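Please read each point with the structure in view.

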Amino acid sequence: MFPCALNGAARFWMKHCTSPRAFSTPRSRFVLGIETSCDETGAAVLDETGVIRGESLHSQKKTHLDTGGIIPTVAQRLHRENISRVVQEALDRSGIEPSELTAVATTVKPGLALSLGVGLDFSLKFVRLHEKPFIPIHHMEAHALTVKMLHPVDFPFLVLLVSGGHSLLALAKGIDEFLLLGQTLDVAAGDTLDKIARRLSLRNHPECSTLSGGQAIELLAKEGDRLAFHFKAPMGQLYDCNFSFAGLRNQVTMAINKKEREEGVEKGHLLSCVKDIAAASQHTVASHIAKRTHRAILFCKSKGLLPQHNPTLVVSGGVASNEYIRQTLKIVTDATGLHLLCPPTKFCTDNGVMIAWNGIERLKQRKGIMSYTEEVNYEPKAPLGLDITSEVKDATIKLPPLKLRINS
Ligand code: KG4
Ligand code: ZN
């Protein structure tokens with residue numbers, strides 16, 4: 001099976017910890033992490049060894065599923081309604097008082113402006129009230145480094161982040177040092193799966209009514225024939241590591257329109273071939289992600305950017321919980337001699353834990369720690385690291401043949 005990254009402390013906590021007081025080590029430092037960049041209100045208190053002392057998460061996913069996508073003002077309202085409770089719950093569960101915290105770390109970039117604003121306002125009031133240092137966090141850096149909370153991974157390592165809002169490949173060289181190798185030129189992988197699922201009306205499928213689009217596609221694809229439809233893999237002639245999913249969505253929409261006409265099915269009703277369309281879409285998304293990742297690995301190897309010993313690919317983001325996509329990536333890492341690390345789903349999606357952990361890492365290295373008196377702004381758009389995507393493109397790396405066939 002897949003290497004689920006979990007170190008001893010995290011595993012022990014998840015299995016046995018019923019009382020947060022059981023861990024009171026008086027001299028440990030504690031960070032409260034707060035996440036509101038998109039549609040999850042998350043908070044967690046971590047100690048510096050990565051043990052989660054208390055956490056809480058409020059997901060808005062159900063509301064956004066009902067409205068067919070995230071409406072920023074609705075997300076903002078829900079964050080406002082839940083943030084105090086979520087933070088208080090995380091603190092209560094940790095048994096740690098605000099006065100005992102070493103610092104507060106909060107996502108300030110990138111994300112939805114209205115959502116980021118709620119977390120930042122709350123945090124600044126909190127740190128001023130309790131006179132605590134403030135650590136602003138880059139959401140994508142936090143995703144990329146969560147794995148280090150669970151498993152010892154040395155820099156540099158390669159990171160693939162695939163979620164509802166992002167699809168990117170980067171080399172992590174340090175806690176605040178990244179090389180951006182590729183990113184999506186249009187929409188993200190998860191957003192594409194969500195839109196395909198919506199167009200297929202999968203919410204009306206009895207097994208999928210509460211699932212996200214990506215989860216619904218994965219479930220139905222298990223019983224579908226991916227060869228029943230052929231969708232062209234995106235960007236086959238471009239030898240870079242960027243992603244593009246808009247063209248795939250168009251192809252799938254056209255196939256659905258055609259089938260609806262043939263079967264006389266009206267919009268909102270389920271086609272007989274939904275499982276096949278799900279399987280073919282998932283396969284095309286998986287192969288596109290795998291091919292770009294394959295090229296990123298070859299680029300890094302050709303430039304000596306990965307260590308000789310135990311070079312690692314870390315995969316994170318909501319889409320990374322897709323078993324078919326993980327298996328496809330495993331074919332690539334096996335062929336290239338990389339170690340594949342996928343944090344458990346709980347840590348792949350947005351949460352307060354990853355923000356608190358990034359705060360701990362920054363605290364340890366004394367990087368980016370601010371006084372509670374300083375002004376901080378949020379930034380809806382914020383690139384991850386140094387953009388070397390054009391250098392990757394100029395290398396025009398052609399991929400050796402590799403069969404990305406999964407027996408599902
Ligand atoms: O990381 P995440 O929770 O939120 C952000 O986008 O930041 O990712 C959510 C995305 C959604 O687009 C959802 O459809 C997708 O991850 N997703 C999946 C699976 N589970 C969630 N995509 C494919 N397969 C899954 N099993
Ligand atoms: Zn995220």
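1. Pro156 sits in the loop that runs between helix H6 (147-150) and strand E6 (157-162); here helices (H or I, at least four residues) and strands (E, at least two) are DSSP runs, numbered from the N terminus. The peptide bond joining Phe155 and Pro156 is cis, with omega about -5°.

2. The model is a predicted one, in which local features need pLDDT of at least 70 and side-chain atom pairs count only at pLDDT 80 or more, while totals for chains, interfaces and linings use all residues. Residues are numbered from 1 along each chain as its sequence is written, chains are lettered from A and ligands numbered from 1 in the order in which they are written, and side-chain values use heavy atoms, with hydrogens and water left out.

3. Phi of Ser201 is near 55°, a positive value in a residue other than glycine.

4. An open sheet of mixed pairing is formed by six strands in the order E10-E9-E6-E7-E8-E11; two strands pair if DSSP finds at least two bridges between them. Strand E10 (339-341) and strand E11 (386-387) are at the edges and have a single partner strand each, so one side of each lacks a neighbour in the sheet. Strand E7 (residues 167-174) pairs with strand E8 (residues 177-183) in the antiparallel sense over six bridges. Leu169 has Gly182 in E8 as its bridge partner.

5. The protein chain is assigned domain 1 (8-132 + 349-376) and domain 2 (157-343 + 387-394), with bounds from an automatic or database domain assignment. Their centres, taken over C-alpha atoms, are 29 Å apart. Domain 1 brings 10 residues to the contact and domain 2 brings eight residues, where contact means heavy atoms within 4.5 Å.

6. How much area is buried between domain 1 and domain 2? The value is about 860 Å², of which carbon and sulfur atoms give 59%; buried area is the accessible area (1.4 Å probe) that two parts lose on being put together, summed over both.

7. Two salt bridges are found across the interface of domain 1 and domain 2, a salt bridge being a side-chain nitrogen of Lys or Arg within 4 Å of a carboxyl oxygen of Asp or Glu. The side chains of Asp176 and Lys367 form a salt bridge at 3.4 Å, N to O.
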